Amino acid sequence: MPRNIEIKARIESIESLAPKAAAVATEGPIEIAQDDTFFRCESGRLKLRAFSPTSGELIFYRRANEHGPKESFYVRTPTTSPDSLRACLALAYGEVGRVVKQRTLYLVGRTRVHLDRVEGLGHYLELEVVLEEDEPVEVGIREAHALLAQLGIEPSQLVETAYVDLLAQTGASPPTG
């Protein structure tokens with residue numbers, strides 16, 4: 001199962017961090033609209049990510065809710081029918097939340113740097129250091145910490161939970177559409 005090291009931080013604004021990300025990036029920026037619907041799942045998280053009416057992916061993942069870099073295991077399956085798949089999964093499992101965001105993606109070597117504008121939450125940075133099959137987690141954690149330092153992210157900015165959990169904590173109603 002593919003793995004990465006993930007870390008998330010609240011940021012003041014994407015506009016202030018984008019030049020720093022661009023300065024260290026090997027690729028980007030790439031703009032991506034994402035509409036994530038989460039479903040009940042006892043063994044991890046199951047979300048349908050829609051990019052458009054004809055493009056999306058079903059993603060299952062497992063990771064701990066903790067401050068700092070954490071290992072995540074995931075499986076992604078593409079779909080050309082995200083709306084009908086969402087309806088089917090909602091009937092089968094029930095929706096638990098929805099997150100709509102505009103993502104600006106930069107690549108820094110093997111690390112995906114996401115600058116996210118999340119509806120109802122604000123601006124965030126998310127790093128995903130993609131690990132090789134048998135690579136030790138510590139190597140990815142060191143890379144994540146080094147990149148956080150380069151971008152000027154303080155430990156006090158780190159967030160331990162997923163966007164869907166943060167939205168639930170605020171009591172925000174899920175987007176419709």
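Guide: The largest pocket is lined by 27 residues, and K47, R49, R103, H114 and E128 lie nearest its centre. The model is a predicted one. The volume of this pocket is about 440 Å³.

Visitor: Which strands supply at least two residues each of the lining of the largest pocket?

Guide: They are β1, β2 (27-39), β3 (45-52), β4 (55-63), β5 (70-79), β6, β7 and β8. By residue class, the lining of this pocket comprises 13 charged, 10 nonpolar and 4 polar residues.

Visitor: Why is K70 called buried?

Guide: The cut-off for buried is under 20% relative accessible area. K70 has 4% relative accessibility and therefore counts as buried. This lysine lies in strand β5. Leaving aside residues up to four places away in sequence, K70 touches N4, I5, E6, R63, A64, V159 and E160.

Visitor: What lines the largest cavity?

Guide: The lining consists of E6, I7, K8, R63, K70, E126, V159, E160, T161 and A162. Of these residues, 6 are charged, 3 nonpolar and 1 polar. Strand β1 gives the most, with 3 residues. The volume of the largest cavity is about 50 Å³, and the structure holds 1 cavity of 30 Å³ or more.

Visitor: Why does L105 count as buried?

Guide: Against the same cut-off of under 20%, L105 has 13% relative accessibility and so counts as buried. L105 lies in strand β6. Beyond residues up to four places away in sequence, L105 touches G28, P29, I30, I32, R112, V113 and H114. One of these contacts, I32, is 73 residues from L105 in sequence, while the C-alpha to C-alpha separation is 7.5 Å.

Visitor: What makes the pair of Y124 and Y163 edge-to-face?

Guide: Two values decide the matter. Ring centres must lie within 6.5 Å to pair, and planes over 60 degrees apart count as edge-to-face. The centres of the Y124 and Y163 rings are 5.2 Å apart and their planes stand at 65°, so this pair is edge-to-face. The count comes to 1 aromatic pair.

Visitor: Where in the chain do Y124 and Y163 lie?

Guide: Y124 is in strand β8 and Y163 in helix α4, 39 residues apart, so the pair links distant parts of the chain.

Visitor: Why are Y124 and Y163 assigned as buried?

Guide: The relative accessible area of Y124 is 0%, so Y124 is buried. Y163, at 5% relative accessibility, therefore also counts as buried. In helix α4 (residues 163-170), V164, D165, L166 and L167 are buried along with Y163. Just after α4, G171 takes a positive phi of about 75°.

Visitor: Which residues touch the most other members of the largest nonpolar core?

Guide: In this core of 22 residues, they are V113, L115, L125, L127, L151 and I153. The elements giving two or more residues to the core are β1 (3-10), α1 (14-24), β6 (95-108), β7 (111-118), β8 (122-130) and α3 (137-151). Another core, of 14 residues, lies apart from this one, and its members include V99, L121, V159 and Y163.

Visitor: What does I153 touch, residues up to four places away in sequence not being counted?

Guide: The contacts of I153 are A9, I11, L17, L125, L148 and L158. As general background, nonpolar side chains tend to be buried together in soluble globular proteins.

Note on methods
Residues are numbered from 1 along each chain as its sequence is written. This is a predicted model: local features need pLDDT of at least 70, side-chain atom pairs count only at pLDDT 80 or more; totals for chains, interfaces and linings use all residues. Side-chain values use heavy atoms; hydrogens and water are left out. A nonpolar core is a set of buried Ala, Val, Leu, Ile, Met, Phe, Trp, Tyr and Cys residues joined through side-chain atoms within 4.5 Å. Buried means under 20% relative accessible area, exposed over 50%, partly exposed in between (1.4 Å probe, protein chains only). Helices (H or I, at least four residues) and strands (E, at least two) are DSSP runs, numbered from the N terminus. Contact means heavy atoms within 4.5 Å. On a 1 Å grid over the protein atoms alone, a cavity is a set of points where a 1.4 Å probe fits but cannot get out, and a pocket is an open set with protein on both sides within 12 Å along at least five of seven lines; lining residues have an atom within 4 Å of a point. Grid points are joined across faces, edges and corners, and a volume is the space filled by probe spheres set on the points. Ala, Val, Leu, Ile, Met, Phe, Trp, Tyr, Cys and Pro count as nonpolar, Asp, Glu, Lys and Arg as charged, and the others, Gly among them, as polar. Rings of Phe, Tyr and Trp (its six-membered ring) pair if their centres lie within 6.5 Å; planes under 30 degrees apart count as stacked, over 60 as edge-to-face and the rest as tilted.
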